[in-house]
Amino acid sequence: MARIYQVPSHARLWLTLAIIAASLPQLSDGPWWQAVLLVVVLGWRALLDRQRLAQPGRLVRLGLLLATVGATFYSFGRLHGPEAGSALITSLFALKYLELVGKRDAYVLIVLGYFVCATILLFHRGPLAALYVVGCLTLLTASLAGINYSDTHARRRQHLTVASAMLLQALPLAVVLFVLVPRVAPLWNMQLDSGQARTGMSDSMSPGQVSRLTESSELAFRVQFQGTPPPPDQRYWRGLTYAYFDGTTWRQARPPGWSDADTFYDGRGPAPPWYRGLRAADRGPAWEYRVIMEPSQQRWLYALAVPFTDLDGQGLARDLRLVADNPVSGSYGYQVRSVPAAAEGLDLNGPERRLMLDLPDTGNRRARDLAASWRQRYRDDRELVQAALRYFREQPFHYTLEPPRLSGDTVDGFLFNTRRGFCEHYASSFTFLMRAAGIPARVVAGYQGGEPNGDYLQIRQYDAHAWTEVWLNGRWVRVDPTGAVAPERIELGLRGLVEGRADAGGDAVAGALGRLPVLFRVQQWMDYVDFNWQKWVLGYRQEDQRALIERLLGAFTPTRVALALLGAVLLVTAVLAVLVLARRRDAPARPLEREFARLRRGLARRGLNVADCHSAAALEAAAARRWPGAAGRAGHWRRYFEYLAYRRDGDPPAGELRQLRRRRRALMAGLKA
Amino acid sequence: MQALDKALAQVGRVVLGKQEQLKLALACMLAGGHLLIEDLPGMGKTTLAHALARVFRLDYRRVQFTSDMLPADILGVSVFDPDSGAFNLREGPVFSQLLLADEINRATPKTQGALLEAMEERQVTLDGLTRPLPEPFFVVATQNPVTQAGTFVLPESQLDRFLMRISLGYPAPEVEMELLAGGDLRDAVRRLKPVIEPSGLVKLVAHVGKVRATRDLLDYVQRLLEATRADDRLVAGLSPRAGLGLLRAARAWALIHDRDYVLPEDVQAVWPSVAEHRLQPREGGSVAAMTQSLLQTVPVVRG
């Protein structure tokens with residue numbers, strides 16, 4: 001058997017742990033065979049290290065490689081892309097451990113490990129993930145330290161200490177680089193399709209088609225208000241509007257013949273008239289807040305009615321919702337100023353008005369009749385809306401998360417037969433009734449409510465909601481029929497609702513929330529940490545950097561940034577160097593040593609320079625030669641010093657030190673320069 | 001200690017004017033180490049060894065090393081006894097309490113190695129049988145300066161087996177006069193009176209280990225060792241074993257001066273004899289000057 005490189009036994013534990021730790025996230029997300037592969041490799045390697053098993057031959061290694069590549073292709077359908085790519089690199093990382101032939105291979109393995117750690121961050125972005133990756137880095141660095149210790153007696157703990165110290169020293173540099181290195185917009189856009197794209201929203205809504213609403217406690221976004229947040233019943237986070245109804249499904253729609261500029265403004269080019277109108281109506285009370293979105297892979301952003309932003313990275317649509325320039329693939333934050341009164345700045349004419357009144361030509365006869373009867377009785381739109389709400393309130397409607405399925409005329413079926421449903425059913429049928437009565441109306445989807453945690457609100461998927469907006473007195477007015485049926489849904493939120501109603505099928509939700517108060521508190525605290533992580537670390541974008549640098553340096557120019565970077569790195573390095581060198585210096589002088597140094601300095605002041613290679617006796621002799629009269633006192637001092645320093649172990653007690661000091665002063669007093 | 005002073009005085013009667021070297025040789029014995037004397041022939045090396053053996057009443061043997069010598073000539077040999085039909089070990093000169101190995105660098109490395117191994121292990125293995133050497137056991141080896149022809153230079157690893165290396169050197173003029181005027185030195189040695197019994201010497205050796213060395217002193221010793229390692233004029237610094245030897249020699253030196261604690265001066269006194277033969281200059285120059293300069297740069301008390 002050829003001589004192969006053996007990882008020193010003291011470093012083996014760290015290397016094995018590092019490999020397991022770095023692979024673990026991939027193993028938990030990826031296909032099962034990866035775990036099998038890792039176990040096989042680790043087992044083989046362990047036997048190899050104990051010389052129970054030979055290193056796999058070229059053919060076996062080639063076979064393993066091909067099998068791994070093949071399995072990756074089989075599991076992912078491709079070899080490129082973030083998921084397949086990181087799965088492949090993690091597997092190859094494990095395989096590399098099997099073929100350590102020289103020390104160089106161990107270096108390659110460890111460097112590959114750092115790369116695998118980086119891929120973890122593609123899929124996991126929370127503070128815990130970051131902490132985990134730091135742990136992996138520590139283990140990898142410890143193995144790196146370990147294989148560089150040739151001493152077979154090196155201690156394991158030592159490697160970990162070295163690695164931790166190195167990482168701690170690197171930390172300030174990492175912070176400097178994080179803050180100052182120019183952040184460029186991603187050169188490529190990675191489409192991550194696993195685990196990230198979950199949202200309660202879709203671009204269409206078909207009440208009655210879903211018999212059970214899957215409620216998830218996953219976070220949708222967080223909001224931090226500057227000032228007091230609005231009361232719960234005002235927290236309607238608009239995301240998208242549905243204007244077109246085909247009898248079963250509500251969809252987003254644009255008035256026929258209208259262009260992009262008529263319905264959307266993203267800050268580029270001159271503002272269209274409708275945007276100027278909204279801006280002109282910008283008065284009255286406003287809410288200011290910052291929203292931090294979880295990745296949704298969609299462009300819809302959520303905000304309270306009439307949201308104004310700086311239009312940097314997102315635009316405002318005519319139906320008063322925000323749309324991001326790109327799908328939200330990572331945590332994404334934006335600052336909003338919501339002005340409810342600005343809604344008056346819009347008009348509703350021509351094709352748009354026709355769209356908001358449009359209904360299928362046929363179907364849902366009874367609902368149309370009901371609307372017509374209301375129309376006859378109430379001339380005033382406002383009264384009609386009140387009557388409709390009253391209808392929902394007084395008829396035996398029932399709020400449930402598990403409504404029966406509907407077919408055919410779904411609006412009629414819901415209004416007159418089942419009368420059981422959740423927000424979508426109410427919003428859909430109410431909007432239908434309004435349009436049938438000749439009042440322009442649309443369905444709005446978004447989130448309602450939000451749970452306070454610290455100084456911000458958490459809005460989760462189970463807060464997803466749909467409601468209606470009707471055109472009253474020249475402006476869009478929010479009407480929430482669900483509120484008429486189940487007011488507590490609006491006031492308490494879904495969480496309050498499911499706690500009160502056993503039949504709402506909310507067990508899963510309640511379970512997800514955690515019944516234990518302590519657990520709940522921990523959860524909330526974790527979320528708080530996560531929030532700040534999102535806000536300060538993941539949310540640190542090009543614009544934030546620019547603003548920060550402008551505040552720190554006055555201007556954002558390449559020269560200034562480069563100089564600041566260089567300066568900061570040098571400063572950090574210098575501070576570290578001073579700290580490290582100071583530690584390397586000997587321990588601080590002990591009392592006897594200080595006393596000795598004092599005498600030497602005292603003699604030097606009086607013109608007698610004695611090198612520090614002089615012992616106490618040599619010092620005495622030199623002093624006695626220079627000042628023969630002081631010979632006695634010099635001997636007096638020397639004997640006592642030798643007694644303290646060389647006849648007794650340990651630092652002398654304070655009393656004896658005082659005695660020595662007295663003898664030194666007595667000696668010095670008699671000396672003349 | 002009075003007995004030690006007396007022993008010194010006795011040896012001083014035959015090795016004239018070499019008080020320092022005598023004290024070092026004595027310190028080396030008390031420290032339980034072996035002594036290497038490097039000198040030209042006829043400088044009184046043999047007289048010194050013999051005198052030391054006399055004052056401690058040690059069983060003394062002398063071996064003149066030559067290039068045709070074999071290990072058996074030192075260690076001994078198994079001889080077949082036809083009467084008893086068994087092999088008997090005939091002990092070599094190494095089975096003595098004080099062995100004078102004269103001109104050790106004349107022997108081949110193999111023979112040198114056999115002796116040095118016995119010195120280190122304090123036992124001899126012959127025909128699979130291990131026999132301890134007598135107690136106490138000292139080797140005083142002499143060596144011609146390596147510039148002489150026909151010598152095998154002792155490698156550093158073996159030089160390390162000797163705790164100290166000293167040289168006696170030519171006597172001072174007045175001492176030489178005295179020497180010339182005096183009678184036969186051989187007679188004088190034979191007339192020396194034993195001062196300390198071998199068992200007393202063993203006790204003294206044990207006592208050396210108890211001489212106090214405080215942290216301040218150990219600090220100093222450590223700084224000296226460290227300085228040899230940091231000195232780029234030297235090929236390599238002193239080993240930890242050399243450091244332990246230095247400390248032991250300093251303790252013995254303190255004991256000779258009737259102290260039960262070590263002073264930095266003790267370390268400085270034994271320093272050249274302990275350090276010089278263990279260090280090699282990188283590119284020429286005098287090791288003696290280098291070790292001396294270390295003494296003058298390393299602070300005795302840190303401050």
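Colleague: What share of the 673 residues of chain A counts as buried?
Modeller: In this predicted model, 47% of the 673 residues of chain A count as buried.

Colleague: And how many helices and strands does chain A have?
Modeller: Chain A has 25 helices and 18 strands.

Colleague: New topic, rings. How many aromatic pairs are there over all chains?
Modeller: The count is 29. One of them joins Phe221(A) and Trp237(A). Their centres are 5.8 Å apart, with 80° between the planes.

Colleague: What do we call that arrangement of Phe221(A) and Trp237(A)?
Modeller: Edge-to-face. Planes over 60 degrees apart get that name.

Colleague: Which strands do Phe221(A) and Trp237(A) lie in?
Modeller: Phe221(A) is in strand 2, residues 219-225, and Trp237(A) is in strand 3, residues 236-242, so the pair ties together parts 16 residues apart in sequence.

Colleague: Is Phe221(A) buried or exposed?
Modeller: Buried, at a relative accessible area of 0%. Trp237(A) is buried too, at 0%.

Colleague: Why is the pair of Tyr332(A) and Tyr334(A) tilted?
Modeller: Their planes stand at 35°, so the pair is tilted; the centres are 5.7 Å apart. Tyr332(A) and Tyr334(A) are both buried.

Colleague: Which residues do ring pairs link into a cluster?
Modeller: Trp374(A), Tyr391(A), Phe392(A), Phe397(A), Phe414(A), Tyr426(A) and Phe430(A).

Colleague: Now charges. Where does the charged end of Arg442(A) sit?
Modeller: Over the ring of Trp476(A), 4.0 Å from its centre. In chain B, Arg259(B) lies over the face of Tyr261(B), 5.7 Å from the ring centre.

Definitions and conventions. Residues are numbered from 1 along each chain as its sequence is written. Chains are lettered from A and ligands numbered from 1 in the order in which they are written. This is a predicted model: local features need pLDDT of at least 70, side-chain atom pairs count only at pLDDT 80 or more; totals for chains, interfaces and linings use all residues. Side-chain values use heavy atoms; hydrogens and water are left out. Helices (H or I, at least four residues) and strands (E, at least two) are DSSP runs, numbered from the N terminus. Buried means under 20% relative accessible area, exposed over 50%, partly exposed in between (1.4 Å probe, protein chains only). Rings of Phe, Tyr and Trp (its six-membered ring) pair if their centres lie within 6.5 Å; planes under 30 degrees apart count as stacked, over 60 as edge-to-face and the rest as tilted. A charge sits over a ring if NZ of Lys or CZ of Arg is within 6 Å of the ring centre and within 35 degrees of the ring normal.
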